[in-house]
Amino acid sequence: MVCFGAPLFFYFKTGYTKMTTATTAKPSIQSLSDLLTSSKTATIEFPGYPGFEVQLTYLARDEMLKLRKKAVTTKINRRTRQPEEELNEEIFLKEYIKAVIKGWKGLKMTYLVQLIPVDEDKIADMEATLPFNHDNAEILMQNSGDFDSWLTEVVGDLANFTKSN
């Protein structure tokens, strides 16, 4: 015997059994600020150099402003008597590299000689790889326009750091 109504109950010899459906509710999002993240990291292959992968971090606008603030000093212009901001590019580059480049692998010496001017006579094995450290990253950024341009373009595009890519 079936009783109609809400909710449906089925009668068995042992009694009534309530029929339910299980649903998993995702937490509701109340604010966009609940979704924000200050950075996203992805490993991206440098074009034209198979196996040379760089682990990069996309920084949100707030994080970029914090980096810039570390490298800016305010001075009073004697002529206009107005405060002027001065960006120390060396400090900014160091902070930017620390924040954006998290590592790399596969940077072979054969690739390096194509990216920056190096003394090839000092390289014993052209297939050896250059280990990542912040000093090496800084030298590469300062001396390779191609690497600097690529990195700036990649890090500036959030699409490179989304799961759909």
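A residue is called buried at under 20% relative accessible area, exposed at over 50%, and partly exposed in between, with a 1.4 Å probe and protein chains only. On this scale, 26% of the 165 residues of the protein chain count as buried. The model is predicted, so that local features need pLDDT of at least 70 and side-chain atom pairs count only at pLDDT 80 or more, while totals for chains, interfaces and linings use all residues. Residues are numbered from 1 along each chain as its sequence is written, and side-chain values use heavy atoms, with hydrogens and water left out.

The protein chain has five helices and eight strands; helices (H or I, at least four residues) and strands (E, at least two) are DSSP runs numbered from the N terminus. The order of elements from the N terminus is β-β-β-β-β-α-β-β-α-β-α-α-α. Contact is taken as heavy atoms within 4.5 Å. Of the contacts between residues at least 6 apart in sequence, 51% join residues at least 24 apart. The accessible surface of the chain, from the Shrake-Rupley method with a 1.4 Å probe and, for residues, with only the protein chains shown as cover, comes to about 12,300 Å². Carbon and sulfur atoms account for 52% of that surface.

Strands β6 (residues 72-76) and β7 (residues 83-87) run antiparallel and are joined by five bridges; two strands pair if DSSP finds at least two bridges between them. Within this pair, lysine 75 of β6 has glutamate 84 of β7 as its bridge partner. The two strands form a hairpin with six residues between them. Arginine 81, in the loop between β6 and β7, has a phi near 60 degrees, a positive value in a residue other than glycine. Arginine 81 is exposed, at 68% relative accessibility.

Asparagine 77 lies in the loop between β6 and β7 as well, but is buried, with a relative accessible area of 16%. A polar contact is a pair of N or O atoms within 3.5 Å; within protein, one must be able to donate a hydrogen and the other to accept it, and residues adjacent in sequence count only if both atoms are side-chain atoms. A polar atom of the asparagine 77 side chain lies 2.8 Å from the backbone nitrogen of arginine 79. The side chain of asparagine 77 also reaches the backbone nitrogen of threonine 80, at 3.2 Å. Leaving aside residues up to four places away in sequence, asparagine 77 touches Gln82 and Glu84.

Side chains of opposite charge can pair when their charged atoms come close. With a salt bridge defined as a side-chain nitrogen of Lys or Arg within 4 Å of a carboxyl oxygen of Asp or Glu, the count comes to seven. One of them joins lysine 66 and glutamate 63, at 3.3 Å from N to O. These two residues are three apart in helix α1 (residues 61-71) and are therefore separated by about one helical turn. Glutamate 63 is partly exposed, at 23% relative accessibility.

Arginine 68 forms a salt bridge with glutamate 85, with the closest N and O atoms 3.4 Å apart. Because arginine 68 lies in helix α1 and glutamate 85 in strand β7, the pair ties together parts that are 17 residues apart in sequence. Arginine 68 is partly exposed, at 35% relative accessibility, whereas glutamate 85 is exposed, at 54%.

A further salt bridge joins the side chains of lysine 70 and glutamate 95, at 3.6 Å from N to O. Lysine 70 lies in helix α1 and glutamate 95 in helix α2 (residues 89-100), so the pair ties together parts that are 25 residues apart in sequence. Lysine 70 is exposed, with 54% relative accessibility, and glutamate 95 is buried, with a relative accessible area of 18%. Salt bridges that share partners join Lys70, Glu95 and Lys98 into one network.

Patches are made of residues with over 30% relative accessible area and no salt bridge, like charges being joined within 9 Å and nonpolar side chains (Val, Leu, Ile, Met, Phe, Trp, Tyr) within 5 Å. Ile29, Leu32 and Leu35 make a nonpolar surface patch of about 340 Å². Leucine 32 is found in the loop between β3 (15-18) and β4 (39-45). Leucine 32 is exposed, with a relative accessible area of 63%.
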